[in-house]
Amino acid sequence: MSKTRTITIANRGGATYEVDARRPLLDTLTEQGLDLPYGCKYGGCITCAAKLTDGQIDQRRQVALNNRQLGDGYVLMCVARAVTDCTFEIGVESHDRLYRNPFLDPLQPHELKADIATPKDP
Ligand code: FES
């Protein structure tokens, strides 16, 4: 099976990039000139989060996203590999649901315990 995947960036005019499925998306996309934010580059800081709107990724190495953020489609591009062709929204404009606003969206009593992510195999 081909190890090349097509990545579409929905909020950059639908620009497409061919990436090596074995390498982190952050590395392969920035090498091709896409401007992506990043910090730690080991899956620990959330700076590089993008929103996956279509496709499947493998981000088993991520340690920073909780289950709510994973459920909302967030992907840490520095550790994620593309399993299939994927579509993303990138940059801060994709972070609308990344952080909870405690005034608009207060925690429910059952959510006060830590929400530790439970990674799943792709
Ligand atoms: S750069 Fe820190 S989590 Fe990706």
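Which residue in strand 7 is the bridge partner of K51? It's E89. Before we go on, note that this is a predicted model, where local features need pLDDT of at least 70, side-chain atom pairs count only at pLDDT 80 or more, and totals for chains, interfaces and linings use all residues. Residues are numbered from 1 along each chain as its sequence is written, and side-chain values use heavy atoms, with hydrogens and water left out.

**The sheet**

Let's start with the strands. Helices (H or I, at least four residues) and strands (E, at least two) are DSSP runs, numbered from the N terminus. Two strands pair if DSSP finds at least two bridges between them. Here, five strands line up as 2-1-7-3-5 in an open sheet with mixed pairing. Strand 2 and strand 5 are the edge strands, each pairing on one side only. On average, neighbouring strands of this sheet are turned by 40 degrees against each other, direction ignored; the axes behind such angles are lines fitted to C-alpha atoms, for helices over the stretch in contact, and angles run from 0 to 180 degrees between N-to-C directions.

Now look at strand 3. With strand 7 it pairs in the antiparallel sense over three bridges, and L52 stands opposite F88 there. Strand 3 and strand 5 also pair in the antiparallel sense, over three bridges, with A49 opposite L76 in strand 5. As background, strands of a sheet pair through backbone hydrogen bonds, either parallel or antiparallel.

**The core**

A nonpolar core is a set of buried Ala, Val, Leu, Ile, Met, Phe, Trp, Tyr and Cys residues joined through side-chain atoms within 4.5 Å. Buried means under 20% relative accessible area, exposed over 50%, and partly exposed in between (1.4 Å probe, protein chains only). The largest core here has 28 residues, and I7, L25, L29, M77 and F88 have the most contacts inside it. Strand 1 (4-9), strand 2 (15-20), helix 1 (25-31), strand 3 (49-54), strand 5 (74-76) and strand 7 (86-89) each supply at least two residues of this core.

What does M77 touch, not counting residues up to four places away in sequence? The list is P24, L25, L26, L29, C48, A50 and F88. Contact means heavy atoms within 4.5 Å.

**The loop between helix 1 and strand 3**

K41 and I46 both sit in this loop. Neither is a glycine, yet K41 has a positive phi, and I46 does too.

| Residue | Phi | Relative accessibility |
|---|---|---|
| K41 | about 65 degrees | 41%, partly exposed |
| I46 | near 80 degrees | 11%, buried |

K41 has another feature: its charged end sits over the ring of Y38, 5.2 Å from the ring centre. For that label, NZ of Lys or CZ of Arg must be within 6 Å of the ring centre and within 35 degrees of the ring normal.

**A look at L70**

L70 lies in helix 2 (residues 67-71). Is L70 buried or partly exposed? L70 counts as partly exposed because its relative accessible area is 27%. Leaving aside neighbours within four places in sequence, L70 is in contact with Q59, Q62, L65 and A117. L70 and L34 are 36 residues apart in sequence and 23 Å apart in space, C-alpha to C-alpha.
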